Amino acid sequence: MDTNITKLFAIKYPIIQGGMIWNSGWQLASAVSNAGGLGLIGAGSMYPDILREHIKKCKTATNHSFGVNVPMLYPNIEEIMQIIVEEGVKIVFTSAGNPKTWTEILKKEGITVAHVVSSAKFALKSQDAGVDAVVAEGFEAGGHNGREETTTLCLIPNVKRQIDVPLIAAGGIGTGSQILAAFALGADGVQIGSRFAATRESSANQDFKNAIVNAKEGDTQLTLKELAPVRLIKNDFYNQVQEKYKQGTTAEELKELLGRGRSKKGMFEGDLINGELEIGQVSALIDSIPTVAEVFDELLLDYQASKNRLLQL
């Protein structure tokens, strides 16, 4: 599975673990890297000192490539970037912001930069900003999402024909057959989130992991587009949001309902009633909580079986 992505990140398989808040600590990132993929520490849910601790632990736990995912809308961004440089992190994935803000600065430090987008328009802006790779994330993805609602099936080929840098497909990918499909659409690699959220090494609460396993088709929904679009499991909190919409809510009222720490409450503390349970549509295909190594075994076996099936057509 040698591609531009395996060469760029010096990894065995072109499989990147999404840097999901409250899920992606050093244990998950190092396990993915040790299995041959690229593990990412999710800085979005970490104070700067906690991020530094996770980077140090990840360096001890793996000799392979790993990186940090940085949502640029979060506070303490300058301090976070300084820690990344000081700790010698070689790969950074940025999202939720203008790629021009940090790409040149990071690359001057010898850091490989990828940026997450939800449209061809922003993929081109990312390429113009000098990123080394683009992650194109479809509407199926969990967590914060694009407003365009373009599915991965449509997004990847449209982005592919407009950029020259390596392309990573994300959103709704959790099986080997879906990896093969992403390659057929033109991707050089894939980013997988939800499947890794429901692993033993994920830092998410066990009750949230169980909720992922129990999720069925149609159990997730994209909402809160007035603030920052997010896909989550329908629960009491989601129902409260929908009731606000029926009443003709304002963005300020939605902010008040959302409050602070709603995602931590759901994913890290396991409050399945009042918490924000961010996960993708592919959760309907997840029915177990294995180790990361077992996930890689499943992905690779399914990928090869799917490839063989196509060859027989």
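1. Accessible areas here come from the Shrake-Rupley method with a 1.4 Å probe, and for residues only the protein chains shown count as cover. On that basis the protein chain exposes about 13800 Å², with carbon and sulfur atoms supplying 49% of it.

2. This is a predicted model, in which local features need pLDDT of at least 70, side-chain atom pairs count only at pLDDT 80 or more, and totals for chains, interfaces and linings use all residues. Residues are numbered from 1 along each chain as its sequence is written, and side-chain values use heavy atoms, with hydrogens and water left out.

3. The protein chain has 14 helices and 11 strands (DSSP runs numbered from the N terminus; helices are H or I of at least four residues, strands E of at least two). Its radius of gyration, taken over C-alpha atoms, is 18 Å, close to the 20 Å from the globule rule for 313 residues, so the chain is as compact as a globular protein of that length. The rule is 2.2 Å times the number of residues to the power 0.38.

4. Buried residues (under 20% relative accessible area, 1.4 Å probe, protein chains only) make up 55% of the 313 in the protein chain. Of the contacts (heavy atoms within 4.5 Å) with a separation of 6 or more, 63% are between residues 24 or more positions apart.

5. Helix H6 spans residues 120-129, and its buried residues include Ala120, Ala123 and Gln127. The buried residues of H6 pack against helices H5 (103-108) and H7 (152-160) and strands E5 (112-117) and E6 (133-137).

Key:
Buried < 20%, exposed > 50% of the residue type's maximum accessible area, 1.4 Å probe, protein only.
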